[in-house]
Amino acid sequence: MKCIKCEENAVISLSRHNAGFCKEHFTEYFHRQVEAAIKEYAMLKTSDRIMVCVSGGKDSLVLWHILNLMGYKTAGMYVSLGIGEYSQKSKAKVNAFAQKNGLDAIIVDLDDEGCPIPLLAARTKRNACSVCGQVKRHFFNKVALDGGFTVAATGHNLDDEAARLFGNVLRWDTKHLAKMSPVLPEEGETIKRKVKPLIRLPEREVAAYAFLNGIDYIPDECPKSRGASSLKYKEVLNELEASSPGTKHFFYGEFFRAAADRFPYITNENDEDKMKKCIKCGAETYLDVCSFCRLKEKLNG
Amino acid sequence: MVTVEFPDGTFRQSEKNRIKDILRDVGQNEHAVLVVIDGCLVTPDICVKNGTEIKLISVVSGG
């Protein structure tokens, strides 16, 4: 297969476009996709201070790399989950990336905070992924507020979001269907805008970009995510994609054209219950104590 | 015979010679992996010689 732009040997094929690209033109295409997503959804302004939520994996490091290339003001924010060797290796990747590119990485270590994910999951008898999401959201909001960031960017790609949409549709989870947009607005006084600039790119293309551009990431999956339903949904969607290229783009993209308005996003301003500050940590919450502090209380008793 | 190295470090062999057919032969979806030969990415349409070693990189992440 030849590159459709220059006739060099292609390094990647994009079956949904019936096209192949050499390294140079794939990189150009990839940047255009990120720029298009940012523009289409008005995700970022040049004046924004962007907190890039990084895990040491390909998606978040690629996102940080590109936003930095585009000239945005960024810092990485990493939560070390306390999951043994996996956390040590992923933290090392984040620090190495930051050092190589002269960027700032803000590290929150859950071992230091006294609440590593395996311990929290065991004490609360909850699924580790669910606890992890709750804890990460707490620290993303806290660090964004404390650090004066205007927006939090995550490396969710097309496969992540198509799989999430698929799961939400299978359960007709209207609450989460209302939060499918790649831009979630800021809420209250402390929760910043959240954006997903890689939304137009399948994870195979994100991995190819990382490989071709020498971005060193942790390829291992989180050991706590084995058996997660989102991985099963991705497998099913990849099967469909193989037989019908473009399925993931169509499924995700058409949701916003055909159905998203049936699931309106409810902001806190519209909510009858007024948010208040957690009496323990100051985070915004509907109750006196926020969900993260209630989770931590369970460790002690 | 082509040798395929999986992301978990295990190996399998295939008698096919086109990447697309090799992936199918070893039960891999081409949308879930990258294929690397001698440190370079290759596309599923190319054919390889007997004795070639190909390495698969998993692209699926998350939970």
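**Group meeting: chains A and B**

Okay, let's start with the interface: 19 residues of chain B are in contact with 27 residues of chain A, where contact means heavy atoms within 4.5 Å. Some housekeeping: this is a predicted model, where local features need pLDDT of at least 70 and side-chain atom pairs count only at pLDDT 80 or more, while totals for chains, interfaces and linings use all residues. Residues are numbered from 1 along each chain as its sequence is written, chains are lettered from A and ligands numbered from 1 in the order in which they are written, and side-chain values use heavy atoms, with hydrogens and water left out.

So how much area do chain B and chain A bury between them? About 1900 Å², with 56% of it on carbon and sulfur atoms; buried area here is the accessible area (1.4 Å probe) that two parts lose on being put together, summed over both. On the chain B side, His31(B), Leu41(B) and Val60(B) supply 32% of the area buried against chain A, more than any other three residues.

Which strand gives the largest share of the side of chain B that touches chain A? That's β3 (residues 33-37) of chain B, with 3 residues. Helices (H or I, at least four residues) and strands (E, at least two) are DSSP runs, numbered from the N terminus.

That strand sits in an open sheet of 5 strands in chain B, order β2-β1-β5-β3-β4, with mixed pairing; two strands pair if DSSP finds at least two bridges between them. β2 (11-14) and β4 (40-41) of chain B stand at the edges with a single partner strand each, so one side of each has no neighbour in the sheet. β3(B) and β5 (residues 53-58) of chain B run antiparallel, joined by 4 bridges, and Val33(B) has Ser58(B) as its bridge partner in β5(B).

Let me zoom in on two residues. Thr43(B) lies in the loop between β4 and β5 of chain B. Is Thr43(B) buried or exposed? Buried, at 1% relative accessibility; the cut-offs are under 20% relative accessible area for buried, over 50% for exposed, and partly exposed in between (1.4 Å probe, protein chains only). Its side chain makes a polar contact with the side chain of Asp45(B), at 2.5 Å. Leaving out residues up to four places away in sequence, Thr43(B) touches Met1(A), Ala10(A), Val11(A), Ile12(A), Ser13(A) and Ile19(B).

Over in chain A, Asn238(A) is in helix α9 (residues 229-243). Asn238(A) is buried too, with a relative accessible area of 3%.

Last stop, the inside of chain A. Strand β4 (residues 73-80) has 7 of its 8 residues buried, so it is largely enclosed by the rest of the structure. β4(A) pairs with β3 (residues 49-54) of chain A in the parallel sense over 6 bridges. Helix α8 (residues 203-212) of chain A is mostly covered as well, with 9 of its 10 residues buried.

Notes
Polar contact = N/O pair within 3.5 Å; in protein donor to acceptor, adjacent residues only side chain to side chain.
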